[in-house]
Amino acid sequence: MVLLSIPTLPSSYPTLNNYTFNYRSQRQSQSQSQNQNQRRCVKIHSKVIRCGIAEPSGEPAPLGQKTKYNDGLFEKAFMTLFARKMENFAAKSASKNGSQKEEKKKGWFEYDYDSFVHVSRKVMQGRSRLQQQQVVREVLMSMLPPGAPAQFRKLFPPTKWAAEFNAAITVPFFFWLVGPSEVVEVEVGGVKQKSGVHIKKCRYLENSGCVGMCVNMCKIPTQDFFTNEFGLPLTMNPNFEDMSCEMVYGQVPPPFEEDPVAKQPCLADICTIANPSSSFCPKLQA
């Protein structure tokens with residue numbers, strides 16, 4: 001028999017199983033080392049390019065406390081871009097009123113979120129609700145190349161897919177402005193779809209503390225821009241009790257007079273320009 005002619009190997013001789021075990025051990029060790037290096041690179045990379053919440057929990061701070069963020073170059077680039085665009089309108093408003101001195105513009109990456117909100121507040125001063133919304137529209141339009149709205153309409157007609165796609169890209173690209181969010185399932189026209197975005201604690205509302213700024217500088221202009229310029233309906237429902245917000249792509253927003261925010265009172269405890277005696281935020285007047 002051929003099998004009987006194979007000599008018996010001594011117990012100390014390295015068998016195939018030994019080789020397999022040693023090989024796997026080496027590969028696992030190399031893989032662990034590579035993963036550690038990758039995590040280290042991602043950590044270094046995130047510090048330079050993208051940063052997030054600095055809270056120990058990794059979640060927004062509880063209501064009544066201001067969430068701490070570590071903003072990287074990506075976030076500061078957007079803050080600078082928007083702030084510089086809005087500063088042009090703030091300067092025009094100041095020169096018309098003659099009551100404020102024009103502030104010196106900051107350099108690139110010198111803007112932080114507080115300065116971005118400060119510029120937004122200056123734009124709001126001396127302007128009606130409609131005028132504030134028009135400024136935001138002009139700022140948004142100035143950041144787009146010619147013909148962009150028309151191209152958007154071709155690429156993203158008002159379909160379920162387009163609504164879900166825009167909800168998905170909102171989470172990473174709007175993080176710098178509103179903080180962490182997640183895609184959620186919503187019902188639009190009787191159809192369930194994942195075109196909703198739940199903002200856990202809106203960074204803009206948290207830092208401004210102003211109902212008028214939330215509605216006039218964010219909610220209404222953003223709804224109008226997507227619905228009328230891009231042709232993709234969008235409704236935003238801010239919750240002023242917990243500072244969360246729900247964005248619903250594909251849902252046509254109601255007229256302002258029928259929107260619950262139209263009768264929202266000031267956040268008197270945190271708003272620096274609040275009017276506690278008014279039944280609704282004075283900045284919501286046309």
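**View 1. The whole chain, a predicted model.** Residues are numbered from 1 along each chain as its sequence is written. In this predicted model, local features need pLDDT of at least 70 and side-chain atom pairs count only at pLDDT 80 or more, while totals for chains, interfaces and linings use all residues, and side-chain values use heavy atoms, with hydrogens and water left out. Look for nine helices and four strands; these are DSSP runs numbered from the N terminus, with helices (H or I) of at least four residues and strands (E) of at least two. Starting at the N terminus, their order is α-α-α-α-α-α-α-β-β-α-α-β-β. Of the 286 residues, 40% are buried, meaning under 20% relative accessible area with a 1.4 Å probe and protein chains only.

**View 2. The largest pocket.** Here is a space with a volume of about 950 Å³. A pocket is an open set of points on a 1 Å grid over the protein atoms alone, with protein on both sides within 12 Å along at least five of seven lines, and its lining residues have an atom within 4 Å of a point. The volume is the space filled by probe spheres set on the points, which are joined across faces, edges and corners. Among the 33 lining residues, Phe82, Leu140, Phe174, Phe225 and Phe226 are the closest to the centre. Elements that each supply at least two lining residues include helix H2 (73–97), helix H9 (211–229) and strand S4 (244–249). The lining has 29 nonpolar, four polar and no charged residues; Ala, Val, Leu, Ile, Met, Phe, Trp, Tyr, Cys and Pro count as nonpolar, Asp, Glu, Lys and Arg as charged, and the others, Gly among them, as polar.

**View 3. The second largest pocket.** This one holds about 280 Å³ of space. Its lining has 15 residues, and Gly64, Glu206, Gly209, Met243 and Ile270 are the closest to its centre. By class, five are nonpolar, five polar and five charged.

**View 4. The largest cavity.** A cavity is a set of grid points where a 1.4 Å probe fits but cannot get out. The chain has one cavity of 30 Å³ or more, and about 80 Å³ of space lies in the largest cavity. Find Cys202, Cys214, Cys218, Met236 and Cys245, the closest to its centre of 13 lining residues. H9 gives the largest share of this lining, three residues. Eleven of the lining residues are nonpolar, one is polar and one is charged.

Technical notes
Buried means under 20% relative accessible area, exposed over 50%, partly exposed in between (1.4 Å probe, protein chains only).
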